[in-house]
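Biologist: I've got the sequence and the model open side by side. Can you walk me through what to look at?

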Amino acid sequence: MPPTVSLTARHKMFNGLQQSCRLPEMAAGFELFLPPQAVRGYRVPALYWLTDDANQDFVRTGGAQRFAAQWGMALVTLADKQAEHLNMLHPLLQQTFPIAEERSIAGIGNGSDIALRLALSEHADYAAVSVFSPQGADAASIKSLPAARKLPILIDCGSEAQPDYPFWSPQSLTQTARSLGFQVLLKTRQGYGNNSLMYTSFIDTHIEFHADALGL
């Protein structure tokens, strides 16, 4: 018998539904926001958000649903440790909710590094990838990823307290990706730290970025 999604909470939000969900295969649950278009029965694309432990509640509290409701996009938020379940989760959500085949992926903190790796892997089928404050993505590592399709990438970082890794910087990652033919947009937010205040301030640009990639 195929796994089933169980709902543990449901709340109306921006004329859509914010739902807490669980799967037997997943140690922790995940959050699903269905925009009003989906509530009315129309199939909508999904944006997967991978968060680190410190930001698991970010997309639920950072206002992303307001913009997802405007664009007609479902938001699926889960911890980076749950990323291994994405290939199973997407078709299951399609069967259970009015969610379309089209999908995109984003990440925050440690979730950013995993989102990049998944989006650029050989058999990935994401329209785009965006990341807030990637923690340790080595620019050289992007060369080893066998991505055949050059999907658009958005990298967003605060100018204050940049991660101190000797072989990594947002600039080197961007330069390497562009040299390989990727469309990369790097945003360095002057005066902002790499924290939830910066994420909340610019979440709208990420939603719009994915909406464009998904053809909304």
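Biologist: Let's start with a pairing: which residue in strand 2 stands opposite A9?

Modeller: Bear in mind that this is a predicted model. Strand 1 and strand 2 (residues 16–22) run antiparallel, joined by 7 bridges. Follow A9 across to strand 2 and the residue opposite is S20.

Biologist: And which residue in the turn of that hairpin has a positive phi?

Modeller: The hairpin of strand 1 and strand 2 leaves 2 residues between the strands. The one with a positive phi, about 50°, is F14.

Biologist: Zooming out, what is the strand order of the open sheet?

Modeller: The sheet is open and has 9 strands with mixed pairing. Its edges are strand 1 (6–13) and strand 9 (184–189), each pairing on one side only. Neighbouring strands are turned by 20° against each other on average, ignoring direction. Reading across, the order is 1-2-3-5-4-6-7-8-9.

Biologist: Which residue in strand 8 is the bridge partner of F132?

Modeller: Strand 7 (residues 129–132) and strand 8 (residues 153–158) run parallel, with 4 bridges between them. Within strand 8, the partner of F132 is D156.

Biologist: Which residue does the side chain of D156 meet in a salt bridge?

Modeller: Side chains of opposite charge can pair when their charged atoms come close. Here the count comes to 1 salt bridge, with 2.9 Å from N to O. D156 lies in strand 8 and its partner in strand 9, so the pair ties together parts 33 residues apart in sequence. That partner is R189.

Biologist: Now the helices: what angle does helix 7 make with strand 7?

Modeller: Helix 6 (residues 170–179) packs on the sheet too, touching strand 8 and strand 9, and makes about 165° with strand 9. Helix 7 (residues 196–213) touches several strands, among them strand 4 (44–51), strand 5 (74–79) and strand 6 (99–108). Its direction makes an angle with that of strand 7 of about 175°.

Biologist: Is helix 3 roughly parallel or antiparallel to helix 7?

Modeller: The axes of helix 3 (residues 64–71) and helix 7 come within 9 Å and cross at roughly 30°. The crossing is right-handed. Angles under 35 degrees count as roughly parallel, so the answer for helix 3 against helix 7 is roughly parallel.

Biologist: How many residues of that contact are nonpolar?

Modeller: Helix 3 contributes A64, F67, A68 and W71, while helix 7 brings I203, D204, I207, E208 and A211. In the contact of helix 3 with helix 7, no residues are polar and 2 are charged, and the nonpolar count is 7.

Methods
Residues numbered from 1 in each chain as written. Predicted model: local features only at pLDDT ≥ 70, side-chain atom pairs only at ≥ 80, totals over all residues. Heavy atoms only, no water. Pairing = 2+ DSSP bridges. Axes fitted to C-alpha atoms, helices over the stretch in contact; angles between N-to-C directions. Contact = heavy atoms within 4.5 Å. Parallel < 35°, antiparallel > 145°, perpendicular 65-115°, else oblique. Left-handed = near helix turned anticlockwise from the far one by under 90°. Nonpolar A, V, L, I, M, F, W, Y, C, P; charged D, E, K, R; others polar. Salt bridge = Lys/Arg side-chain N within 4 Å of Asp/Glu carboxyl O.
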